Amino acid sequence: MPAGKSALLDWAAGQAGGARVLRVEGIESEMELAYGGLHQLFLPVLGLVDGLPPAQADALRAVFGLTSDEVRDSFTVGLAVLTMLSEAAADGPLLCLVDDAQWVDRPSVDMLTFAARRLRAEGVVMLFAVRDGAPGATVKGLPGLLVEGLDRTAAAELLTGLPPYVADRVMEEAGGNPLALIELSAALTPAQRAGRLGPLALPETAAGLRGRIQDGFLEQVGRLPEATRLVLLVAAADDTGSLGTVLEAARELGAGVEDLEPAERAGLVLLSGELVRFRHPLVRYAAYRSAPLARRIAAHRALAGALGGAGQQHRRAWHLAAAATGPDEGVAEELERVAEWAGNRQAMASASAAYERAAQLTADRDLRARRLVQAARKAADAGQDQRCGALADQVPLPLADPEVAANFARARAAVELGHRSPAAAARILLDSADLTGAAHPEATASLLVDAVHAAYSGGDAALMAEVASRAPELPVLAVPALLFGDDVPRASGVSGVSGALAALRPLVAATEVAATGVMERLLTGIHCLLTGDHPTARRVALGAVAHCREQGISGWLPTTLDLLVRTELTLGRHEEAVARGTEALRLAEYYDLAHRASHLRAALALPAAVRGEEEQVRALTEEALGYARPRGVGRAAADALWARGLLELGLGRAQTALDALSAARREVGHPLLCLPLLPDLVEAAVRAGHPERAAQAAGVLDEWATALDRPALGALAARCRALTAPDGTAEQHFTAALALYSEGDGNGHGAGAVAGNAFDRARTALLYGEWRRRLRRQIDAREQLRAALDGFEALGARPWAERARSELGAAGGETVLTTRQDGSISLLSPQEREVVRLAATGASNREIAAQLFLSPRTVGHHLYRAFPKLGVGSRTELAALLAA
């Protein structure tokens, strides 16, 4: 908002009637104080913390510095904020006002916007105001309104009593900004108000609006007595708003409470028995910047002395840092402790700022390098990739400490992976591992594991093999070393696929151990997915997601959810995949993880393609490809093209589908990486009249299915053999595929190994029925075509259902619309469906809210809407309905 934002918030507060109003005002000097804004907002209702669920109450107490506990899960903090807002609105509506959000500390803004995006039925309204063009002037994920300046007629109403010439000059300089109109006119001397305007008061060449407003404030502050300016300086430097703290520091400089009276009479500050508040942040800025450097330093030192009590160490450290004029190891050590304190509370941006300032105060070259590297890594964890890169550029090289060098490589790779090239990120990590060497095996192994993940993200199998070959004795690296060493699978021996599967087994077992890190869990799930063990991949992915939530590793949550989305898709659990993928994409966008967002958009395009949602597929894949292709993110590009090919195949445009699927195959190259799309490519090639291309792809699929020995892959390979075989042998392959599908229920459950999923099973039945009809075996064809139609309709796969219905009609079968198997469940929104599913297990509203990051009141709202749709009146009836 460039104009009048604070006045609009004041107006909103005045219109609130009987509603409770909570308010926080951003203060520039408090920007690095983690959760300071959140504490200011909740100060009037802090007693509600005791009524929160224990984990949420503990999290808020920790971030407010009321306990020394660490905060492992930032999502628990976000959920606690949401629950606090809901509890504060229990007795009536609640209005939350956040003014100058660009100056509120980043962790507080993150948690407040987290809550704002999840408000549904709580009776809470949140309004954020930001100063347009100011650094950090963004509130992500919320609708915005740009407040334009006043026109001349409206502006004139604020300038009554001025001669027309003077009013015109003020309007010209203010540019429609109401605050500027008021403050510039108030700053005029009596002579200027009479019309004697000099060039310095209102210059002919207009300065920046903010500069002119600031000049007005400076003029007002400059008219005050010296002692008043001194106490205002202390208040401006302070970030607590505590009148007692300000006066204690001011006494050290020779000023007292009586010196505030002129500022209070001028309307520059508002005072109560406990608080001192500036009328506007720019008054604070003027009071601070108008003071000479020596006085500003003295004010910070005085405040540091006044803040020596328990719970104030972080504020004391920042004031000491502000007073430092050169290297000071004692202050740097205090700031490093502040950084550790903030990092333990998941306030990564604040931790990064503290490490950076500590580095600036450090004389020792190696110690400064270590602190800069820590600042860069915390910036990356906070999603500040550009700042991470800028900090990394300041690190003095070479680095003597191998651990610091490894962390430096991770920081550089995070920037490269997040916004540029996955291959370059992998190379940075690989080069660092080579330099670290055998003398530091743990650091080397960690770098190589990260490098393999970066190479996988880029779809570069050759690079994965190269990285893994550095330490093939490690199981997590042995798997890709054995799988990607050659395009042709070697099924037997320790050097082949069986060796990779043997190395994978202890990795899966290790995921049950709490000490396993997120990267090891991720790669284990990826390896399971690549080798066709989809149920195990899903179990590992669920564990990785839970690990991120429990440990507060929020930056990795979209990546682990991405893995879970892909396992859900392989098991045919499309609705679950969409729900997980939507959550992950929202998080990726929130954290500015553009790289991960491209993967997620491509993944979400796949179920949209199954449903025939052409516009949605186009939108998702265009955005994914626009990011992925220029940066070499091969796997995201391949998935996006696969989704396009699957859409075209379902809509009957075989040649277009073949072109897209062939392009997808080229993006990743190695057969194992493109194995999931080969069945679609085979079908598209057959339908487009390219039997030789179909046969080649079917042969590759058959080789890997045989080597991996997974029923799911075996069923797909048998279907593709049927499509490319002569009519005399096709039927045996179709029946073999359907026999494999009978080993499980198609959704990841069953007595034997699960073969495929409901969508794959329905497609095999469709192709078998089409083949029978082509041979004029109409009655035999109807059985398979009916099974295909029922399967597609149950999945909502509209284009495939239309094709099955058309074929069934041509075979003389009944083609009336069937009813989806999930019946009334299909009437629910994805959010309602997830709430209902958890409610049916007996979970309380609070338990459901904690799992889905909603407030208990929103959970109740969803159940209130879902029960009539389902025709039930209680949770007991709900459980019975879902069981049926």
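How many cavities of 30 Å³ or more does the count come to?

Author: Before the count, a word on the source: this is a predicted model, in which local features need pLDDT of at least 70 and side-chain atom pairs count only at pLDDT 80 or more, while totals for chains, interfaces and linings use all residues. Residues are numbered from 1 along each chain as its sequence is written, and side-chain values use heavy atoms, with hydrogens and water left out.

The pLDDT (the predictor's confidence in each residue, from 0 to 100) has a mean of 82 over the protein chain, and 86% of the residues reach 70 or more. Over residues 198-210, however, pLDDT stays under 50, and the stretch 817-821 likewise stays under 50. Where pLDDT is low, the predicted coordinates should not be read in detail.

The count comes to 7 cavities of 30 Å³ or more. A cavity here is a set of points, on a 1 Å grid over the protein atoms alone, where a 1.4 Å probe fits but cannot get out, and its lining residues have an atom within 4 Å of a point. Grid points are joined across faces, edges and corners, and a volume is the space filled by probe spheres set on the points.

The largest cavity has a volume of about 750 Å³, and of the 35 residues that line it, R566, T570, W642, P676 and L677 are the closest to its centre. Several helices (DSSP runs of H or I, at least four residues, numbered from the N terminus) each supply at least two residues of this lining, among them helix 27 (518-530), helix 29 (557-570), helix 33 (634-650) and helix 40 (758-774). The largest share, 5 residues, comes from helix 33. By class, the lining divides into 22 nonpolar, 6 polar and 7 charged residues, where Ala, Val, Leu, Ile, Met, Phe, Trp, Tyr, Cys and Pro count as nonpolar, Asp, Glu, Lys and Arg as charged, and the others, Gly among them, as polar.

The second largest cavity has a volume of about 90 Å³, and its lining includes H453, Y456, D562, R566, R596 and R635. Helix 23 (441-457), helix 27 and helix 29 are the elements that give two or more residues to this lining, with the largest share, 4 residues, coming from helix 29. Its classes are 4 nonpolar, 3 polar and 4 charged residues.

R772 and E731 form another salt bridge, at 3.5 Å from N to O. R772 counts as buried at 10% relative accessibility, and E731 as partly exposed at 22%.

Methods:
Contact = heavy atoms within 4.5 Å. 1 Å grid on protein atoms, 1.4 Å probe; cavity = no way out; pocket = protein on both sides within 12 Å on 5 of 7 lines; lining within 4 Å. Salt bridge = Lys/Arg side-chain N within 4 Å of Asp/Glu carboxyl O. Buried < 20%, exposed > 50% of the residue type's maximum accessible area, 1.4 Å probe, protein only.
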